[in-house]
Amino acid sequence: MSLKGLPNFDNTELAFRHLSDRDLKRGRVLFELLSRPWLVDVGSLFARLALALRIPIGWAIRPTVYAQFCGGETIEESEETVELLYKNRVRTILDYSAEGVTSEEELDSNCSEILATIDAAREDPRHAFSVFKPSGLSLKGLLSKSTDDFTIKEEEEWERVLRRIRTICQATSDAGGKVLIDAEESWLQDNIDEIAEDMMSDYNRESVIVYTTVQLYRIDRLKYLKNLCIKARECGFKIGVKLVRGAYMEKERAMAIKNGCPLPIQPNKEATDRDFDNAIRFCLDNLDAIHIFAGTHNAESTLMLCKEMSERGIENDDPRISFSQLLGMSDQISFNLAAHGYNIAKYVPYGPIREAIPYLIRRAKENTSIEGQTSRELSLIDKELKRRKKLI
Ligand SMILES: Cc1cc2nc3c(=O)[nH]c(=O)nc-3n(C[C@H](O)[C@H](O)[C@H](O)COP(=O)(O)OP(=O)(O)OC[C@H]3O[C@@H](n4cnc5c(N)ncnc54)[C@H](O)[C@@H]3O)c2cc1C
């Protein structure tokens, strides 16, 4: 079924038809808990402590936050989620969620796992993109240092980072896929940008295989995107860009205070929203050179992109434009977009429960801190549960 017209994100029947009453009720309890900041703070502290002291807490996490936000511990375990999404025209982006890697062996093992996601996506239409976080392939100290200041040992380590990333991009190209490079904290981002630009220049000549990420909560990023477009046109490569608002606001604030530096973040949410929407319009104006991946749970920005596509005569399923949300969040956006034929994929994080804990804490905190996000999820779930009850 492909619906005509613009999507309606209040349509809870379409949004939740992939979920049983039991799933919905579990989601309801979880979002109810996440709406209490003190509980999330206590829970996060407990999870961090348990992680440090190696206390087993999988029994508490697996049926709750993990079941809501993760596909499983392995690619095979995530299969059920992948299938369920695809039945509803939503594709998957397998996201290996191990964080805080500290040795070369772990970095190599992360690289192998990302290569396994690329292999899983090969010739499988249920998968849309692969993805990686550069800090999962490099020691953080290295990413935050200017390459001009590297010691000989660091230069060797850096060569290994570049080799891992090139191997991933080459494997994606060989598999006929596409790969997203996540954006991270601003002090890591200069090196990440340099690598992403190199990879786009090497792999995005005929088609767009590599996507960089631009965080519009940064004051300088719209300008960066515009300059990147000029550079790409001059050098003859295409840009793939994941547009996001940005996930590390608290860390950016803390770092700016610690170093006495100006905050690189927009003065308020309105400024972030304005630059995000302007970045979308800029990319649409340059669609011959830029492919868009809108990574957002914001209904207004998503609808704005849908409207602009319609007004510019761009088909809903134009391969140059993709939308995405995280598993367990904003299903009303993902599944309504899918029903209207847009290219839509969910990030499906997977990995050992212990290693997914930092990711889960971020999701829990994000749901608590984003004004209205949790209450929006709750009211939509309530609306759907009531609608189903009336049918009985
Ligand atoms: C598919 C997908 C991929 C993602 N990949 C990345 C990634 O690679 N890197 C990354 O950093 N993030 C990533 N994110 C997270 C993203 O950056 C946002 O943190 C998250 O999606 C919330 O923003 P929003 O657009 O969904 O919605 P909204 O709820 O409308 O916006 C919340 C966001 O607005 C910004 N904001 C809030 N308050 C203020 C304020 N006072 N001043 C300035 N700005 C403010 C912050 O960025 C905040 O996260 C991704 C998200 C998705 C859905």
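Modeller: What follows is a set of questions and answers about this predicted model.

Biologist: How compact is the protein chain, judged by its radius of gyration?

Modeller: The protein chain holds 16 helices and eight strands. For 392 residues the globule rule gives 21 Å, and the protein chain comes close to that value, so it is as compact as a globular protein of that length. The radius of gyration itself is 20 Å.

Biologist: Of the contacts in the protein chain with a separation of 6 or more, what share joins residues 24 or more positions apart?

Modeller: Two residues are in contact here if their C-beta atoms lie within 7 Å. Among the contacts in the protein chain with a separation of 6 or more, those between residues 24 or more positions apart make up 77%.

Biologist: Is proline 56 buried or exposed?

Modeller: Proline 56 sits in the loop that lies between α3 (37-53) and α4 (58-69). Because proline 56 has 10 C-beta neighbours inside 10 Å, its class is exposed.

Biologist: How many of the residues of β4 are buried?

Modeller: From β4 (210-215), Val210, Thr212 and Val214 point one way, while Tyr211, Thr213 and Gln215 point the other way. Both sets are buried, and β4 is accordingly described as mostly covered. The number of buried residues in β4 is six of six.

Biologist: Through which helix does the chain cross from β4 to β5?

Modeller: β3, helix α9 (residues 186-203) and β4 form a right-handed β-α-β unit. The crossover from β4 to β5 is also a right-handed β-α-β crossover, and its helix is α10 (residues 221-235).

Biologist: Which element gives the most residues to the shell around the ligand?

Modeller: There are 26 residues around the ligand, and Asp182, Arg245, Ala247, Gly295 and His297 come nearest. By class, the shell has ten nonpolar, 13 polar and three charged residues. At least two residues each come from β4, α12 (269-285) and β7 (321-326). The element that gives the most, with three residues, is β7.

Conventions. Residues are numbered from 1 along each chain as its sequence is written. This is a predicted model: local features need pLDDT of at least 70, side-chain atom pairs count only at pLDDT 80 or more; totals for chains, interfaces and linings use all residues. A residue is near a molecule or strand if its C-beta atom, placed from the backbone, lies within 6 Å of it. Helices (H or I, at least four residues) and strands (E, at least two) are DSSP runs, numbered from the N terminus. Ala, Val, Leu, Ile, Met, Phe, Trp, Tyr, Cys and Pro count as nonpolar, Asp, Glu, Lys and Arg as charged, and the others, Gly among them, as polar. A residue is buried if 20 or more other C-beta atoms lie within 10 Å of its own, exposed if 12 or fewer, and partly exposed in between; C-beta atoms are placed from the backbone. A crossover is right-handed if, with the strands pointing away from the viewer, the path from the first strand over the helix to the second runs clockwise. The radius of gyration is taken over C-alpha atoms; the globule rule is 2.2 Å times the number of residues to the power 0.38.
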